[in-house]
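Work through the exercises below with the sequence and the model open. Try each task before reading its solution.

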Amino acid sequence: MMTTYKYIKDKTVGIVGCPFSGGQPKEGVDEGPIKMIEYGLIDQIVEMGWSVEFDGHHKFTEFKPAEDPNIGKLKKPRYVSRVTKAVAESVESHLKKGHLALTLGGDHSLALGTVSGTFAAYPDACLIWIDAHADINTPESTESGNLHGCPVSFLLAVDGLINEEIPEFSWLKPRLRPDRLVYIGLRDVDPPEKEILKKYGIKAFSMYHVDKYGIGKVVEMALDAVNPDRDRPIHLSFDVDGLDPTVAPSTGTPVRGGLTFREGHYICEAINETGLLVSVDIMEVNPTLEDEVSVFETVTVGCSLVRCCLGETLLSL
């Protein structure tokens, strides 16, 4: 059955290409979006009946400061802030034109921008976060200082989560309420992150829940948690390390025991079926890790997740 979209006006995908690796230490994740486009993603989208607006990948090197010392534990904070601010503006612009915003990463610190852009355009939106990791460490709780493990804490609209104001991120206006956030696929969560999830009552479905209930029930429960009346715009942020490393091996922080190929694709298909999807992130594809076959598998699965978000199903023509 053809999906009817509530918020997408002209069935156009606005692609935000984000070759960026500044939120973590491994080189190569900046090549993820470039590879996905090289693998024919635009043609695949067009063949599905969508129009595409893509002006080329962002040139983020112009945002890189000459010096970027740590702020507390946080690494490369100025670079990450400048890049994600630009991404927020791009995503918001696409959404205000009635496009579906598709952001290709790049590391998951980019969600500082993508989610900010979505909530600027749709303040009543909700966020579904697919990941092995919660990415909700604070500037105080992070051990690594890598901002790809912290974006959700910056986005949450709660008092007292981040104790000290960081002027470099003053552009970011937290709009995400805890009851509008849900996780699927967690299996590597730091103790401070567990405390945050519990304290603020954030709904999270780990791989235990996927095993116990099955992915269909988990997606329904996730939607019930953040979108009970099925009327809110949905932002889907999908880190490919949410998938098992046998499915997506070429990523920076793989964790065994993840979502299967079909479970990952089912999530995207089911969310598309709601007709409420407005913004999608595909993050942490790193084509420089692993061998050629593993790179092919990871990049192609990133492309197929996108297609499922746009309406491809097992029986679609």
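**Exercise 1. Contacts and core**

Leaving aside neighbours within four places in sequence, which residues is Ile128 in contact with?

Solution. The model is predicted, local features need pLDDT of at least 70, side-chain atom pairs count only at pLDDT 80 or more, and totals for chains, interfaces and linings use all residues. Residues are numbered from 1 along each chain as its sequence is written, and side-chain values use heavy atoms, with hydrogens and water left out.

Step 1. Apply the cut-off: contact means heavy atoms within 4.5 Å. With neighbours within four places in sequence left aside, Ile128 is in contact with Val182, Ile184, Leu223, Val226, Ile234, His235, Leu236, Ser237 and Ile271.

Step 2. A nonpolar core is a set of buried Ala, Val, Leu, Ile, Met, Phe, Trp, Tyr and Cys residues joined through side-chain atoms within 4.5 Å. Buried means under 20% relative accessible area, exposed over 50%, and partly exposed in between, with a 1.4 Å probe and protein chains only. The largest nonpolar core has 101 residues, and those touching the most other members are Leu102, Ile128, Tyr183 and Ile282. Helix H10 (residues 292-309) gives the most to this core, eight residues. Helices (H or I, at least four residues) and strands (E, at least two) are DSSP runs numbered from the N terminus.

Step 3. In soluble globular proteins, nonpolar side chains tend to be buried together.

**Exercise 2. Strand pairing**

Solution. Two strands pair if DSSP finds at least two bridges between them.

Step 1. Take strand E8 (residues 277-283), where seven of the seven residues are buried. Strand E3 (residues 100-105) pairs with E8 in the parallel sense over four bridges, and Leu102 stands opposite Val280 in E8. Strand E7 (residues 234-239) also pairs with E8 in the parallel sense, over six bridges. There, Ile234 has Leu277 in E8 as its bridge partner.

Step 2. Take strand E5 (residues 181-186). Six of its six residues are buried, so E5 is largely enclosed by the rest of the structure. Strand E4 (residues 126-130) runs parallel to E5 and is joined to it by four bridges; Ile130 has Ile184 in E5 as its bridge partner. E5 pairs with strand E6 (residues 203-206) in the parallel sense, over four bridges. The bridge partner of Leu186 in E6 is Ser206.

**Exercise 3. Pocket and cavity**

Solution. On a 1 Å grid over the protein atoms alone, a cavity is a set of points where a 1.4 Å probe fits but cannot get out; a pocket is an open set with protein on both sides within 12 Å along at least five of seven lines, and lining residues have an atom within 4 Å of a point. Grid points are joined across faces, edges and corners, and a volume is the space filled by probe spheres set on the points.

Step 1. The second largest pocket has a volume of about 360 Å³. It is lined by 21 residues, and His133, Ser144, His148, Gly149 and Thr253 lie nearest its centre. By class, this lining has one nonpolar, 11 polar and nine charged residues. Ala, Val, Leu, Ile, Met, Phe, Trp, Tyr, Cys and Pro count as nonpolar, Asp, Glu, Lys and Arg as charged, and the others, Gly among them, as polar.

Step 2. There is one cavity of 30 Å³ or more, and the largest cavity holds about 40 Å³ of space. Its lining includes Val115, Phe119, Lys173 and Arg175. Helix H4 (residues 111-121) supplies the largest share, three residues. The lining divides into six nonpolar, one polar and two charged residues.

**Exercise 4. Backbone and loops**

Solution. 

Step 1. The peptide bond from Gly105 to Gly106 is cis, with omega near 20°. Gly106 is in the loop between E3 and H4.

Step 2. Lys76 is not a glycine, yet has a positive phi of about 55°. Its loop runs between strand E2 (51-53) and helix H3 (77-96). Lys76 counts as partly exposed because its relative accessibility is 34%.

Step 3. Arg230, also not a glycine, has a positive phi of about 50°. Arg230 lies in the loop between helix H8 (215-226) and E7.
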